[in-house]
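Biologist: I have the sequence and the coordinates open side by side. Could you take me through the fold, one question at a time?

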Amino acid sequence: MALAELGVVVLDCPDPRALAGFYAEVLGGTVEGEGDWVDLKVPGGQALAFQAAPGFVPPRWPAADHSQQFHLDLVVKDLDAAEKGVLALGARPLDAGDRERGFRVYADPAGHPFCLCAC
């Protein structure tokens, strides 16, 4: 028997509304809230939340001394099309050179790692 259920995944960032907007463009959904806490309600999926973190320092990938702490795996049908879209929205590639793999690694505009996966 579970002791709890997952409520929401929260990403610390310098600008919650801007980062929620980035993920809304990637995943769809509705951005709700202002200020230090913003929610992204994703259709048919788990909600994401974004929290203002003064002094936020983005993780470095890969770096044992600056752990990524977590990352999101985003399932896509077409890696090339999804890559083009996230780059246009402000993501940057971290490990996207191997075109034979079923995944590519990027950082969102606040520096959090995420993978596009054709799995």
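Modeller: A term to begin with: helices (H or I, at least four residues) and strands (E, at least two) are DSSP runs, numbered from the N terminus. Please keep in mind throughout that this is a predicted model.

Biologist: In which order do helices and strands follow one another along the sequence?

Modeller: The protein holds 2 helices and 8 strands. Read along the sequence, these elements follow the pattern β-α-β-β-β-β-α-β-β-β.

Biologist: How compact is the protein for its 119 residues?

Modeller: For 119 residues the globule rule gives 14 Å, and the radius of gyration is close to that, so the protein is as compact as a globular protein of that length. Along the principal axes, its C-alpha atoms fill a box of roughly 40 × 40 × 35 Å. The radius of gyration asked about is 15 Å.

Biologist: What share of the residues of the protein counts as buried?

Modeller: Buried here means under 20% relative accessible area. The protein exposes about 7,000 Å², of which carbon and sulfur atoms supply 54%. Of the 119 residues, the share that counts as buried is 34%.

Biologist: How far apart are the end C-alpha atoms of helix α1?

Modeller: Helix α1 covers residues 16-27, which makes 12 residues, and at 1.5 Å a residue these should span 16 Å. The distance in the model agrees with that expectation, since the end C-alpha atoms are 16 Å apart.

Biologist: Which residues of α1 are buried, and which residue follows the helix?

Modeller: An α-helix has 3.6 residues a turn, so residues three or four places apart point the same way. In α1 the buried residues are Pro-16, Leu-19, Ala-20, Phe-22, Tyr-23 and Ala-24. The residue that follows α1 has a positive phi, near 85°, and is Gly-28.

Biologist: Which strands does β7 pair with?

Modeller: On one side, 3 bridges join β7 to strand β6 (residues 92-95) in an antiparallel arrangement, with Pro-93 opposite Tyr-106 of β7. A further 5 bridges join β7 to strand β8 (residues 113-117), also antiparallel, and there Val-105 stands opposite Cys-115.

Biologist: How many residues of β7 are buried?

Modeller: Strand β7 runs over residues 103-107 and is largely enclosed by the rest of the structure, because its buried residues number 4 of the 5.

Biologist: Which residue in the turn between β7 and β8 has a positive phi?

Modeller: These two strands form a hairpin with 5 residues between them. In that turn, the residue with a positive phi, about 100°, is Gly-111.

Key. Residues are numbered from 1 along each chain as its sequence is written. This is a predicted model: local features need pLDDT of at least 70, side-chain atom pairs count only at pLDDT 80 or more; totals for chains, interfaces and linings use all residues. Side-chain values use heavy atoms; hydrogens and water are left out. The expected span of a helix is 1.5 Å times one less than its number of residues. Buried means under 20% relative accessible area, exposed over 50%, partly exposed in between (1.4 Å probe, protein chains only). Two strands pair if DSSP finds at least two bridges between them. The radius of gyration is taken over C-alpha atoms; the globule rule is 2.2 Å times the number of residues to the power 0.38. Accessible areas come from the Shrake-Rupley method with a 1.4 Å probe; for residues, only the protein chains shown count as cover.
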